[in-house]
Amino acid sequence: MGEPRPARRGRRRDRRVYLGSHPVLFALLAATRRAPVRRIGRIVLVHDAAPFADALRRVPVDRSAERTTAGAARRATGGDGFLFDQDGAGHRKTRRGAASVFGADGVARLRPVWLEVLRRRLAPLGDGAEVDVVDLVVELSGASTAAMLDVSVPAHALTDAARSAAALAARGHLPGLRWPGRARRDRAATASAAAELTRLLGGPADEAARGGMLAVASINTTVAAIPRAVAWCADDRLWPAADRADSRAALVAELLRVTAPSPVLPRVVAGAAELADTRPLRADTRPLRAGDRLLLVARHAARAGAPHPDPAAPVPAAVGHLVFGTGPHHCPGARLAHAQLDDVLAALAPYRPVVTGARVDRRSALPGWARLTIRATR
């Protein structure tokens, strides 16, 4: 058969992330993906872009329900759901405040922090040494988040606390077997992790919980996304596109699309609604009832499964951006995610690195690598 084509290596390696870290979830998504909307009992899986966007924009959801993004956020931080479980005027007010953190000025303020980490941590590549991209991103995300929250906390300590809290909180809504007594032990461990995170951040309890929410969201998506994107870029030999500013922005968007750091958005329906069935030759709707659990598969809505990332022919921006959601509850950190990955790829591209070792993280809240070592070929 010969060696796999370069354009297939990235997807093959990235599939290991799902099979190794969340095999039950990956199997469920793969088995149901052919239908735009699929009901299994009280669970409704939404795969297609149109009903995915419709669900986020129009379907009323219970933002205080357990086994949802907001529920996991509350467990991870010991506070309310901040952006995740707010609606109406409160949500709009909070988003205006978040704009100062994640907007252009906020990103510009944080950029020197992660650029310093990149310069220091990538220097060994020039001497022929290997670099663990995961450990690099752990420091990068921790230092950036500490600067964002204006706290003096060691980068690795903050990252470890935020990742531990998220991993424990996520167990409650991931599919799989529930052993007797496991839920009680998980709740106790999650409460302990949330307490450690708020202790690190300090200050009044409500401010610490709110800072913890930002830390959990920012750190976990960053540590999940960037190493996977770097591995894909190396495996598919996309460094020439990463080396040019005119093509790097499109490459960043494509890599975020195919990696889909938050592949599934769990929600609970708050009232009667319906979703359109978008299959050809069908003019049908799928009714939703209060209490139905929605699994909004951002990975499939953004077409992460195909095509391969191609900065010369990217998917439409409206589709690719669905990895960050849409409507009033889209992820406010999208600009930050693009900027960080852009700078990471720009710093790595001159070295033309290859992957020398990879190990899946089986404990993380989001699919990712526990270790990803690279070495320069230039």
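1. Ala55, Leu56, Val59, Val61, Arg63, Arg267 and His329 line the second largest cavity. A cavity here is a set of points on a 1 Å grid over the protein atoms alone, where a 1.4 Å probe fits but cannot get out; lining residues have an atom within 4 Å of a point. The volume of this second largest cavity is about 40 Å³. Volume means the space filled by probe spheres set on the points, with grid points joined across faces, edges and corners. Its lining has four nonpolar, one polar and two charged residues. In this scheme Ala, Val, Leu, Ile, Met, Phe, Trp, Tyr, Cys and Pro are nonpolar, Asp, Glu, Lys and Arg are charged, and the others, Gly among them, are polar.

2. A note on the basis. This is a predicted model, where local features need pLDDT of at least 70 and side-chain atom pairs count only at pLDDT 80 or more, while totals for chains, interfaces and linings use all residues. Residues are numbered from 1 along each chain as its sequence is written, and side-chain values use heavy atoms, with hydrogens and water left out.

3. The structure has two cavities of 30 Å³ or more. Arg163, Asn220, Val223, Ala224, Ser364, Leu366, Gly368 and Trp369 form its lining. By class, that lining holds four nonpolar, three polar and one charged residue. Helix α10 (residues 205–235) gives the most to this lining, with three residues. Helices are DSSP runs (H or I, at least four residues), numbered from the N terminus.

4. Now the aromatic rings. The structure holds one aromatic pair. Tyr18 and Phe26 have ring centres 5.4 Å apart and planes at 35°, so the pair is tilted. Rings of Phe, Tyr and Trp (its six-membered ring) pair if their centres lie within 6.5 Å; planes under 30 degrees apart are stacked, over 60 edge-to-face, the rest tilted. Tyr18 is buried at 2% relative accessible area. Phe26 is buried as well, at 15%. Buried means under 20% relative accessible area, exposed over 50%, and partly exposed in between (1.4 Å probe, protein chains only).

5. Which residue lies over the face of Tyr18? Arg299 does, at 4.5 Å from the ring centre. The rule asks for NZ of Lys or CZ of Arg within 6 Å of the ring centre and within 35 degrees of the ring normal.

6. Last, the cysteines. The disulfide count is zero, where a disulfide is a pair of cysteine sulfur atoms within 2.5 Å. Cys233 is buried, with a relative accessible area of 0%. Cys331 is partly exposed, at 31% relative accessibility.

Methods. 1 Å grid on protein atoms, 1.4 Å probe; cavity = no way out; pocket = protein on both sides within 12 Å on 5 of 7 lines; lining within 4 Å. Helix = DSSP H or I, 4+ residues; strand = E, 2+ residues; numbered from the N terminus.
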